[in-house]
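Work through these exercises with the model open beside you. Try each task before you read its solution.

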Amino acid sequence: MKGKITKLLGGFYYVKSGSETYETRAKGSFRNDSIKPLVGDDVEFKIEGSTLGYIEKVYPRKNMLTRPAVANVDQVLIVIPTKDPDYNLNLIDKMICGYENKVDVLIAVNKYDLDKKAAENLLEIYRKSGFKSFMISYKYTFTIDLLREYLRGKTTALSGVSAAGKSTIASHILKKDILIGDVSEKTRRGKHTTRHVEIFSGEEDTYLFDTPGFSSIDLDIPAEELKDYFREFHELSKGCRFNDCLHIDEPQCKVKEFLEKGLVAQSRYDNYLSIYRELKEREQY
């Protein structure tokens, strides 16, 4: 039988085939072959007995992400909360670097009803940086309706910190109830509502991965290559004096020239410098 892994929970893989979902295990030889099935994988499996199945083959993947660990994704929607919890632009830009050059990235500025001015500032930063960006709130259904059109017919992984509103968005996009958490009153950080990766399906072949939130991320990128993960630098760097310009201390740098003109977002450039130094320091050890 053929199907798609829609959930991984407690060592069991839940595979949807047709209208049925089957509880399965991965066959033991996968471990010896360093194969680990992922949510989103298209697989071949067989049923033993009346219920439990075994995955026998994982078909070649279109792509694979590591955080969240999912396969065969069309795009990632990074959800940025305007408030509750407060957003961290450095973490967001690290998150984007983790996906850039692998899969298309969309930005959703969520909970804009809590602070419209802050939300508009976030929207300007990421639109200026070249990302398709949305300002949304479940309280204003037209914003969800617009976003739904860009997710229709695609497989989208939701990514962001805990309590950013990923499960809320998924619930409204797909028009079905998905477990929703809140913000810890003590720390003002999000509580981890989603504790596993799962695909939820909607109308017209729309699939969403709802994934656990996180509060930190480590990038595995050589410091000198970081500039290639900031898309707004790509065209500008062609005008730099040096072909290997890092856009830091070099003279006649187009990126810095456009930064001074306000055409490159200051927060993006500041985070580029911060992440570069972090990667450079790590390489020394």
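The exercises below use a predicted model.

**Exercise 1. The largest cavity**

Task: Find the volume of the largest cavity, then say which residues and elements line it.

Solution: 
- Step 1. Start with the count. The structure holds two cavities of 30 Å³ or more.
- Step 2. Take the volume. The largest cavity has about 60 Å³.
- Step 3. List the lining. It consists of Ile78, Val79, Ile80, Pro81, Asp86, Tyr87, Asn88, Leu91, Ile92, Met95, Gly160 and Val161.
- Step 4. Assign elements. The largest share, four residues, comes from β8.
- Step 5. Sort by class. Nine lining residues are nonpolar, two are polar and one is charged.

**Exercise 2. The second largest cavity**

Task: Which residues line the second largest cavity, and how do they divide by class?

Solution: 
- Step 1. Take the volume, about 30 Å³.
- Step 2. Read off the lining: Lys4, Gly40, Asn72, Thr155, Ile199, Tyr207 and Phe209.
- Step 3. Sort by class. This lining has three nonpolar, three polar and one charged residues.

**Exercise 3. Threonine 156**

Task: Is threonine 156 buried or exposed? Describe its surroundings.

Solution: 
- Step 1. Locate threonine 156. It sits in strand β11 (residues 155–159).
- Step 2. Check accessibility. The cut-off for buried is under 20% relative accessible area. Threonine 156 has 0%, so it counts as buried.
- Step 3. Find its contacts. Beyond its neighbours within four places in sequence, threonine 156 touches Gln75, Val76, Leu77, Leu151, Tyr207, Leu208 and Phe209.
- Step 4. Look for a polar contact. The side chains of threonine 156 and glutamine 75 make one, at 3.0 Å.

**Exercise 4. Glutamate 23**

Task: Classify glutamate 23 by its accessibility, then find its polar partner.

Solution: 
- Step 1. Locate glutamate 23. It belongs to strand β3 (residues 20–26).
- Step 2. Apply the cut-offs. Glutamate 23 has 32%, so it is partly exposed.
- Step 3. List its contacts. Leaving aside neighbours within four places in sequence, they are Phe12, Tyr13, Tyr14, Thr51, Leu52 and Gly53.
- Step 4. Pick out the polar partner. The side chain of tyrosine 14 makes a polar contact with that of glutamate 23 (2.9 Å).

**Exercise 5. Nonpolar cores**

Task: Which residues have the most contacts inside the largest nonpolar core?

Solution: 
- Step 1. Take the core of 58 residues. Ile55, Ile78, Ile107 and Tyr126 have the most contacts inside it.
- Step 2. Assign the largest share. Six of the core's residues come from α2.
- Step 3. Turn to the separate core. This second core has 23 residues, including Leu219, Val255, Ile275 and Tyr276.
- Step 4. Go back to isoleucine 107. Among its contacts beyond four places in sequence are Ile78 and Tyr126.

**Exercise 6. Backbone exceptions**

Solution: 
- Step 1. Most residues other than glycine have a negative phi, and most peptide bonds are trans.
- Step 2. Check asparagine 101. Its phi is positive, about 70°. Asparagine 101 lies in the loop between α2 and β9 (104–110).
- Step 3. Check glutamine 252. Its phi is also positive, about 50°. Glutamine 252 lies in the loop between α6 (233–237) and α7 (254–260).
- Step 4. Check the peptide bond. From aspartate 84 to proline 85 it is cis, with omega near 5°. Proline 85 is in the loop between β8 and α2.

Definitions and conventions. Residues are numbered from 1 along each chain as its sequence is written. This is a predicted model: local features need pLDDT of at least 70, side-chain atom pairs count only at pLDDT 80 or more; totals for chains, interfaces and linings use all residues. Side-chain values use heavy atoms; hydrogens and water are left out. On a 1 Å grid over the protein atoms alone, a cavity is a set of points where a 1.4 Å probe fits but cannot get out, and a pocket is an open set with protein on both sides within 12 Å along at least five of seven lines; lining residues have an atom within 4 Å of a point. Grid points are joined across faces, edges and corners, and a volume is the space filled by probe spheres set on the points. Helices (H or I, at least four residues) and strands (E, at least two) are DSSP runs, numbered from the N terminus. Ala, Val, Leu, Ile, Met, Phe, Trp, Tyr, Cys and Pro count as nonpolar, Asp, Glu, Lys and Arg as charged, and the others, Gly among them, as polar. Buried means under 20% relative accessible area, exposed over 50%, partly exposed in between (1.4 Å probe, protein chains only). A polar contact is a pair of N or O atoms within 3.5 Å; within protein, one must be able to donate a hydrogen and the other to accept it, and residues adjacent in sequence count only if both atoms are side-chain atoms. Contact means heavy atoms within 4.5 Å. A nonpolar core is a set of buried Ala, Val, Leu, Ile, Met, Phe, Trp, Tyr and Cys residues joined through side-chain atoms within 4.5 Å.
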